Amino acid sequence: MNCNTYIIKKVFVLKVFCLILCIQASYGQEAISDLSTNTAYHNQLFFNRFLINPTFSLVRENKSYLNILHRNQYAAFEDNNQNYYLGFSNKFNEHTALGIGVYSQRIGVIQEFGFNANYATSVQLGSKSKLTFGTNVTYYSLGLDKNRVVATENDPQILEAKLENKIAIQPGITFSYGNFDVGIYAEDLIRYSQTTNEFLTSFNTKTVKTSLQYTHA
């Protein structure tokens, strides 16, 4: 895997991520199947951190940055995985931060293009404790690239396949005490298909991530 990252940054801070526990849940199938790729665009826990947890654009963050990521995986193979991401994150003050990103990826004959928006805000509970709330909103277009499909006969599923426009809302919350942070992140609390005009998730089909972080500057 070749990964070239060009970074404009203000301050570099050493962060140690102790534990990430992922609890995976299955998703219901759509007409063609769920083609969601769920590729992570964060890099080494320093940049695009709000994609790990939407509160991380504010929690333990003391810099603004512009990050360009290109990942060219399995380059020796035809139709290999290719990812592009342009992200920006800015901390306005001690209680407000936002991040935005535009991405494109191709995995075989599946293509995806999307936009991420992040907002985080915090409430001071005590001299050493803080509660931070954050939300990621993703709008993306996902489906088959018919020009790249090779088939010996007319497959009705391929002929009927089309790009679907979807919206995903992904909230998170983090409790901070001293140098420790405990966070919870729901990857798809709400996922809605604008193309089919239906909700694609329900309350019992979620992916929830929890994290424990210790930070030493």
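In the protein chain, which has 217 residues, 40% of the residues are buried, where buried denotes a relative accessible area under 20%, exposed one over 50% and partly exposed one in between, for a 1.4 Å probe and protein chains only. The model is predicted, so that local features need pLDDT of at least 70 and side-chain atom pairs count only at pLDDT 80 or more, while totals for chains, interfaces and linings use all residues. Residues are numbered from 1 along each chain as its sequence is written, and side-chain values use heavy atoms, with hydrogens and water left out.

Along the sequence the elements follow the order β-β-β-β-β-β-β-α-β-β-β-β-β. Of the contacts with a separation of 6 or more, 62% join residues 24 or more positions apart, a contact being heavy atoms within 4.5 Å.

Strand S8, which spans residues 164–177, contains Lys166, and this residue is buried, with a relative accessible area of 2%. The C-alpha atoms of Lys166 and Gly114 are 9.2 Å apart in space, although the two residues are 52 positions apart in sequence.

The accessible surface of the chain comes to about 12,000 Å², and 59% of this belongs to carbon and sulfur atoms, as computed by the Shrake-Rupley method with a 1.4 Å probe, only the protein chains shown counting as cover for residues. Strand S6 (110–124) is one of the strands that each supply at least two residues of the nonpolar patch, and Phe113 lies in strand S6.

Definitions and conventions:
Helices (H or I, at least four residues) and strands (E, at least two) are DSSP runs, numbered from the N terminus.
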